[in-house]
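Subject: Structure handover

Hello,

I am passing on a structure that you have not worked with before. Please have it open while you read the notes under it.

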Amino acid sequence: MEPIIEVSQVTKVYGSEKDEQTHALRGIDFTIQRGEFVGIMGASGSGKSTLLNILSTLDKPSTGEVIINHNDVTKLAGNALADFRGKEIGFIFQDFNLLENLTAAENIAIPLSLQGVKPRIIRQKIKEVAARLSITEILNKYPAAISGGQKQRVASARALITQPTILFGDEPTGALDSKSARDLLDMMADLNQNDQVSIMLVTHDPLSASYCKRILFIKDGVIHEEIQRGDQTQDDFHRRILGILGNLEQ
Ligand SMILES: Nc1ncnc2c1ncn2[C@@H]1O[C@H](COP(=O)(O)OP(=O)(O)O)[C@@H](O)[C@H]1O
Ligand SMILES: [Mg+2]
């Protein structure tokens, strides 16, 4: 086993001492191994997005350490941080974050263009990732001309084209209809299973979480509970998640 994310004693406090402060994270510790598919669940306001933003280097913790692929990302800044993020981190958001005036292919190309990769190689990589995510037919379309599910596939292709160490998703199915949501989750499970893509998925939806192999439950800024799917069926795991969420609310 090879750890790719090691989180120790991470806290996050929003607001200065003069203002009212929010202790969003109060001491988070866990390790993610390469090839894992881990869910993060918890009530609204429990600190899920805060944690994911810190892990994906979009934000810094107040205290604590985050090691990704042997780099302490809390110590990175400026170009080194941008470079690290571009190469090691893939992120898909609830609202897709596609640029409307670029085609799907141009959107997918962005991370490699920023790294100065040659156009011929970029074209080849787009072809590969598009085939993998079944979006070859829509590569020349603009975001306004494709469905929500297709937009999220394009965003996933953009996240995966650099072959990141880990793919993060913050409620990536939140804006999708249930069929598109299931398609996206199937795709993520398939990437995890067959391409060994490591994934961390923040979701408040028990059905989405049932696609994960391990789930961390956050409550009041700490990890309250952790479960493994093991050899449970997805249905049984789903029921187990529902049971835990019921208890968490009390
Ligand atoms: N930029 C911010 N400034 C101040 N407080 C914030 C900020 N972002 C989040 N919070 C607060 O931190 C807590 C955790 O928020 P968040 O991580 O977004 O939770 P979740 O994603 O689980 O809903 C909440 O109380 C929220 O109001
Ligand atoms: Mg959130």
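Predicted model: local features only at pLDDT ≥ 70, side-chain atom pairs only at ≥ 80, totals over all residues.

Residues are numbered from 1 along each chain as its sequence is written, chains are lettered from A and ligands numbered from 1 in the order in which they are written, and side-chain values use heavy atoms, with hydrogens and water left out.

A pocket here is an open set of points on a 1 Å grid over the protein atoms alone, where a 1.4 Å probe fits, with protein on both sides within 12 Å along at least five of seven lines; lining residues have an atom within 4 Å of a point. Volume is the space filled by probe spheres set on the points, which are joined across faces, edges and corners.

The largest pocket has a volume of about 510 Å³. Its lining holds 19 residues, with R85, G86, I89, P111 and L114 nearest the centre. Helices (H or I, at least four residues) and strands (E, at least two) are DSSP runs, numbered from the N terminus. At least two lining residues come from each of α2 (78-88), β6 (89-93), α3 (104-114) and α5 (148-160); α2 gives the largest share, 5 residues.

The second largest pocket contains about 380 Å³ of space. It is lined by 15 residues, and L160, Q163, P164, D195 and V197 are the closest to its centre. Two or more lining residues come from each of α4 (119-132) and α6 (178-195), and the largest share, 4 residues, is from α4.

Regards
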